Amino acid sequence: MPITLDQFLAPHSEALRMGARRAELIARNLANADTPNYKARDLDFQSVLSKARNGSGPALSATHTAHLQPGSSGDFGAELLYRIPTLPRLDGNTVDAQLEQAAFAENALRYSASLTFLDGRIKGLKAALRGE
Amino acid sequence: MSLFNVFDVAGSGMSAQSVRLNVTASNLANAENVSGNPATVYRARHPVFAAVLNEALNDGGESSHAVRVLDIVQSRAPAQGRYEPGNPLADSKGYVYLSNVNAVEEMANMVSASRSYQSNVEVLNTVKQLMLRTLTIGQ
């Protein structure tokens with residue numbers, strides 16, 4: 001059974017893309033920690049992961065960046081959710097800097113782990129190719 | 001690519017927070033200003049932030065919310081008068097008017113701004129390390 005390079009690397013490269021997207025979202029929350037009426041947003045990691053794992057068939061492709069992206073490819077077809085604030089603030093902002101920092105650290109670690117796994121797979125491939 | 005957007009977002013955050021620090025410094029430096037006219041005395045200034053949607057058509061039409069300084073508003077708190085007939089700036093009744101800068105509020109503002117700045121720097125550093133590691137993948 002032939003296995004393509006894409007299939008071999010897919011789970012980890014998908015996780016990397018997701019990690020990058022999530023890093024951007026959390027950076028956005030942290031940058032807007034003092035912006036009145038800004039609402040903190042995030043992706044639900046579990047739902048995105050399960051969606052990626054189930055695989056929703058062949059993906060559609062948009063022919064122009066200004067067109068509606070199929071399933072909003074940037075967010076992996078998952079909805080951007082709003083964080084529920086633990087403490088109400090007078091300025092209507094829902095960013096909790098400590099929570100966001102913790103989420104960012106966790107995300108960085110996940111990203112790092114995916115990088116290590118991907119690295120291992122590529123190294124394994126290389127070793128197999130060399131046949132030493 | 002998303003990770004590149006982080007540089008924009010965190011950079012905008014740092015710039016906004018440094019404007020806030022700058023304004024705080026200006027307020028504290030002018031905290032003891034007096035004037036003979038309550039309308040011309042220095043008034044505390046505060047920046048107002050707003051999220052700005054960068055709907056640039058980068059790959060995939062992704063948007064990023066950077067932050068920008070919308071405006072710098074002056075405090076409308078009344079200037080306090082003080083009876084100082086010996087002061088050359090005093091008005092005809094012998095009163096001078098103090099700026100309405102609240103030093104405690106400004107100090108709290110300063111600490112908050114520097115913490116926010118730090119967290120933006122932290123984000124930037126972490127993302128830089130992740131990107132560098134991504135570049136050395138498979139080596």
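Biologist: At roughly what angle do the axes of H1(A) and H1(B) cross?

Modeller: This is a predicted model, where local features need pLDDT of at least 70, side-chain atom pairs count only at pLDDT 80 or more, and totals for chains, interfaces and linings use all residues. Residues are numbered from 1 along each chain as written, while chains are lettered from A in the order written. Axes are lines fitted to C-alpha atoms, for helices over the stretch in contact, with angles from 0 to 180 degrees between N-to-C directions. The axes of H1(A) and H1(B) come within 8 Å, crossing at roughly 10 degrees.

Biologist: So are H1(A) and H1(B) roughly parallel or antiparallel?

Modeller: Angles under 35 degrees count as roughly parallel, and those over 145 as roughly antiparallel. H1(A) and H1(B) are therefore roughly parallel.

Biologist: Which element gives the largest share of the side of chain B that touches chain A?

Modeller: Contact means C-beta atoms, placed from the backbone, within 7 Å. By that test, 31 residues of chain B are in contact with 30 of chain A. Helices are DSSP runs (H or I, at least four residues), numbered from the N terminus. The largest share, nine residues, comes from H2(B).

Biologist: How far apart are the end C-alpha atoms of H2(B)?

Modeller: The expected span is 1.5 Å times one less than the number of residues. For the 33 residues of H2(B) that should give 48 Å, and the end C-alpha atoms agree, being apart by 48 Å.

Definitions and conventions:
Contact = placed C-beta atoms within 7 Å. Helix = DSSP H or I, 4+ residues; strand = E, 2+ residues; numbered from the N terminus. Parallel < 35°, antiparallel > 145°, perpendicular 65-115°, else oblique.
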